[in-house]
Amino acid sequence: MNNSDFIDMIQPTPKLLSKRCKAIALLLRLFLQFSIYPVSALVWYFEGWFIAVLTLLLGFVIIGIIRSKLRNDSIPVQQREYNYNDQGIAAWYTAKHFCYEGEYK
């Protein structure tokens with residue numbers, strides 16, 4: 001492998017410093033990771049298990065689309081080939097859209 005095979009990391013994942021930014025990132029991460037399960041449980045309670053399974057599968061697709069939109073909106077273009085988990089995506093999005101310059105590094 002030569003050096004051109006690697007992507008230079010221009011910016012590291014932002015480290016959030018203020019409590020407000022950390023809370024927003026935590027809520028966003030929890031939404032991306034766990035929002036489809038309570039929705040499917042509610043659908044199961046009110047409608048039935050078949051509709052709940054369909055809702056769960058549709059939820060995976062919708063959350064995947066939301067995750068990719070947040071990722072493409074906040075992570076720099078040169079770094080989009082890296083894999084990011086929900087915590088990284090939430091940190092990037094929160095730092096770019098909800099925090100001021102001094103609230104993250």
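Which exposed residues does the face of α2 turned away from its buried side carry? In this predicted model, that face holds Leu 42, Tyr 45 and Phe 46.

- Ile 36, Ser 40 and Val 43 are the buried residues to look for in α2. Their directions span an arc of only 60° around the axis, which places them on the same side of the helix.
- On the face turned away from the buried side, you will find Leu 42, Tyr 45 and Phe 46, which are exposed. Tyr 45 has a relative accessibility of 67%, and for Phe 46 the value is 61%.
- Just after α2 comes Gly 48, whose phi is positive, at about 135°.

**Aromatic pairs**

- A pair of aromatic rings is described by the distance of the centres and the angle of the planes.
- The model has four aromatic pairs. One of them joins Tyr 37 and Phe 60: with ring centres 6.4 Å apart and planes at 80°, the pair is edge-to-face.
- Tyr 37 belongs to helix α2 (residues 36-46) and Phe 60 to helix α3 (residues 49-74), so this pair ties together parts that are 23 residues apart in sequence.
- Both partners are partly exposed: Tyr 37 has a relative accessible area of 43%, and Phe 60 comes in at 44%.
- Tyr 45 and Phe 46 make another edge-to-face pair, 5.1 Å centre to centre with 80° between the planes. These are two of the residues on the exposed face of α2 described above.

**The disulfide**

- How many disulfides does the model contain? The count is one, and its partners are Cys 21 and Cys 99, with sulfur atoms 1.8 Å apart.
- Cys 21 sits in helix α1 (residues 19-34), while Cys 99 lies in the segment after α4 (86-97), so the bond ties together parts that are 78 residues apart in sequence.
- Are these two cysteines buried or exposed? Both Cys 21 and Cys 99 are buried.
- As a reminder, a disulfide is a covalent bond between the sulfur atoms of two cysteines.

Methods
Residues numbered from 1 in each chain as written. Predicted model: local features only at pLDDT ≥ 70, side-chain atom pairs only at ≥ 80, totals over all residues. Heavy atoms only, no water. Phe/Tyr/Trp six-rings, centres within 6.5 Å; stacked < 30°, edge-to-face > 60°. Helix = DSSP H or I, 4+ residues; strand = E, 2+ residues; numbered from the N terminus. Buried < 20%, exposed > 50% of the residue type's maximum accessible area, 1.4 Å probe, protein only. Disulfide = S-S within 2.5 Å. Arc of directions from axis to C-beta.
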